[in-house]
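I opened the notebook to go through this chain one spot at a time. Here is what I looked up, in the order I found it handy.

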Amino acid sequence: MSISWAGVPAAGWAQAAPGSEPAPQQLQEITVSATPLSRGEQDLAAPVTVLDEEDLLTTRRATLGETLEHEPGITSSHFGAGASRPIIRGMDAARVKVLSDGAEVQDASTISPDHAVGLEPMLSHRVEVLRGPAALLYGGGAVGGVVNVLDNKIPTAVPEDGVEGSVELRGATAPRETTGAFELTTGGKGFALHAEGLKRGASDYKVGRGWAGGDRVDGSYNHTETGSVGLSWIGDRGYIGLAYTSQHNRYGLPGHDHSYEGCHTHGAHLHCPDDGHDHGQEGHAEDEHDHDHDHEEHGVPFVKLRSQRWDVRGELQDPFAGFSRLRVRAGLTDYQHDEIEGGTVATTFRNKAHDGRVELEHAPIGGLRGVIGAQTTRRDFSALGEEAYVQPTITRNHGLFAVEEYTVGDWRFEGGLRHEWQRIDAQGGSPDSKHRGTSVSAGAVWKFAPQYSVGLSASRSQRLPTAEELYADGLHLATATYEVGNANLKKETSNNVDLTLRKFAGPTTFSVSVFHNKVDNFIYGRTLDVYENLQLLEYSQHDATFTGLEAKVRHQLNKVFAVSLMGDYVRAKLDGGAGNLPRIPAHRVGARLDARWQAWSGDVELSYVGRQNKVAEFETETAGYAMLNLGAAYEGRVSGSRYQIYVRANNLTNKLAYRHTSFIKNAAPLMGRSIVMGVRLTF
């Protein structure tokens, strides 16, 4: 695991221009576009993470989870090299919404960790992670947070010189990866045309030394091709644009075990062919010592993914009396992925969805600034084939929301309200479901001294159960689970408090956040039984509490050197002494020394992930580990264009490490030593 320091000012190597010296530390005011009033980081009550294009240059990976997993409070689900979703403060899946410039990404990644997120991090130019009141506007279900990925596929301005773009090539040794990406924008007379594309080829990656499974993880390869074309009309008061994106992925499914085919349930127990009785904890122990299952006869199963998406984005200043801005986002997605075994399609997942969102910012009223809006989503999901453990459903969700803020002196106050309605029509004889929920939030920021601020936020959010949680019923061999839904699930209610202290200027800058989240009727996959490595999961509800800490600090030692520290911790347990929640990340700490001199930069960082021994029933502990990473870069100009050359050594000591949050942690350890090299030309 590499630790990123993007949220710490001036830590990124690419911020140094050739021949320049670091300036005294002043946190650059960065506007967060996903916030309703486009406020800066310093003005938000709850913590926010922003990675700009320079930060992303060396931190971007093939998946969104890997790209963000080094940020305080964020880790990933890790499913080999092809699928990885962000986990924020121990919460994942539907509790973390992924947006493409404010519009929800419609894929199948919330259903299972082996399903990839339907966007490409290498083509992003900025990533924002929101928590607290700001996240509320994108749905009460965003209890963990919102990840907003911004790109250039719909231009918002005509290039000054008529054309601009970039080309990037990179490679990595552990997965034998080669990746190439480009983007190009041109235009004039109020119109702008944008094109971008990427191609990636990566083989099974190497793991750290000492793994009993060998040097490489079978089925951890990842091949990606994606491209977009967008056209915008741009005027003095705003823009409107349309873009088409096509994405094709092919990646393996490590740990896929067909020996469990035919397993079924007897009440709260598993029963498998050639097995005379049910198994509980004893069966799990037996597997660890005595069983060696055959692999897929024709190789490791793989996913063949195809996604086609249309996006509409637009903004208009002063649209009509009383309102200062109109913002529109809409998307239409046709998503399909096939899980292929032995050369034939075993299961097909389809998701045809559309969503629309309108925001209106009203003119100030007695010192109040605010936004009102509406959002609607329709998702037609189906799974057909051998592992169709979720029946076809149509989900409709509609929401109304409002956010207001008031500033007086050194104080800023904010409040938010959202109400949503959801209906799920289920096929296969299961009852349809209807839910509604109301979420409310409030926060305050006090700049109590020069360079310092403190923020306090509180929210009450209601998440409505998903179709998978309600209706799942069947084997899911990719995660080695038999999943059982519960049509009687109620909405869950999260009561969250965040306190954040910041110092945003001077030689020393820092941000420290503590949070406490009490969730009533928390929905989770409870393990009822285990046969060898196969788990019987039933979606259940129980009150739960999440408590944690996130911190980062940086000190500029002199004009060349700076040192940074970070750490995070989350404790998640069921109330009433009912036990721990499964797959909760362990605590982390890290330190980094970076240097910048003229056109050169470099860094050395050491991170430590603790042992996770606070585990749920039937869950195994995961050992801690330390990783050492080194980086160096050079930046220059040629013929008026900027180029950047970088090299990075990740997991330099080749440590064997496991991700506790992964369903397949033992089948797919983390990547071993890998040298990443790249060059980027911007013109």
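**Entry 1: around His194**

I began with His194, which touches Asn152, Lys153, Pro155, Glu183, Leu184, Thr185, Ser228, Val229 and Gly230, leaving aside residues up to four places away in sequence; contact here means heavy atoms within 4.5 Å. This is a predicted model, so I kept its limits in mind: local features need pLDDT of at least 70, side-chain atom pairs count only at pLDDT 80 or more, and totals for chains, interfaces and linings use all residues. Residues are numbered from 1 along each chain as its sequence is written, and side-chain values use heavy atoms, with hydrogens and water left out.

I placed His194 in strand β10 (residues 191–202); strands (E, at least two residues) are DSSP runs, numbered from the N terminus. His194 counts as buried because its relative accessibility is 1%, where buried means under 20% relative accessible area, exposed over 50% and partly exposed in between (1.4 Å probe, protein chains only).

**Entry 2: confidence**

I checked pLDDT next, the predictor's confidence in each residue, from 0 to 100. The protein chain averages 91, and 92% of the residues score at least 70. Over residues 6–27 the pLDDT is below 50, and this stretch has 61 contacts in the model beyond near neighbours in sequence. Residues 280–298 also have a pLDDT below 50, with 26 contacts counted in that way.

**Entry 3: the disulfide**

How many disulfides does the structure hold? I found 1, taking a disulfide as a pair of cysteine sulfur atoms within 2.5 Å. Cys263 and Cys272 are the partners, with S to S at 2.0 Å. I noted 115 degrees about the S-S bond, and the link of Cys263 and Cys272 is right-handed. Cys263 is buried because its relative accessibility is 5%, and Cys272 is buried with a relative accessible area of 2%.

**Entry 4: positive phi**

As a reminder to myself, most residues other than glycine have a negative phi. Arg89, not a glycine, has a positive phi of about 55 degrees. I located Arg89 in the loop between β3 (86–88) and β4 (96–100), and Arg89 is buried at 8% relative accessible area. Phe618 is not a glycine either, and its phi is positive at about 70 degrees. Phe618 sits in the loop between β31 (600–609) and β32 (625–638); with a relative accessible area of 15%, Phe618 is buried.

**Entry 5: salt bridges**

I counted 49 salt bridges, each a side-chain nitrogen of Lys or Arg within 4 Å of a carboxyl oxygen of Asp or Glu. One of them joins Asp151 and Arg313 (3.0 Å, N to O). This pair links distant parts of the chain, 162 residues apart: Asp151 is in the loop between β7 (145–150) and β8 (163–172), and Arg313 is in strand β15 (residues 302–320). Asp151 and Arg313 are both buried.

I then looked at Glu492 and Arg463, whose closest N and O atoms are 2.9 Å apart in a salt bridge. Glu492 is in strand β25 (residues 492–503) and Arg463 in strand β22 (residues 452–463), 29 residues apart. Glu492 is buried at 2% relative accessible area, and Arg463 is buried at 2%.

**Entry 6: aromatic rings**

Where do the rings pair up? My search of the whole structure gave 13 aromatic pairs. Rings of Phe, Tyr and Trp (its six-membered ring) pair if their centres lie within 6.5 Å; planes under 30 degrees apart count as stacked, over 60 as edge-to-face and the rest as tilted. Phe349 and Phe381 are tilted because their planes are at 35 degrees, with the ring centres 6.3 Å apart. Phe349 lies in strand β17 (residues 344–365) and Phe381 in strand β18 (residues 368–385), so the pair ties together parts 32 residues apart in sequence. Phe349 is buried at 0% relative accessible area, and Phe381 is buried at 0% relative accessibility.

Terms used:
Helices (H or I, at least four residues) and strands (E, at least two) are DSSP runs, numbered from the N terminus.
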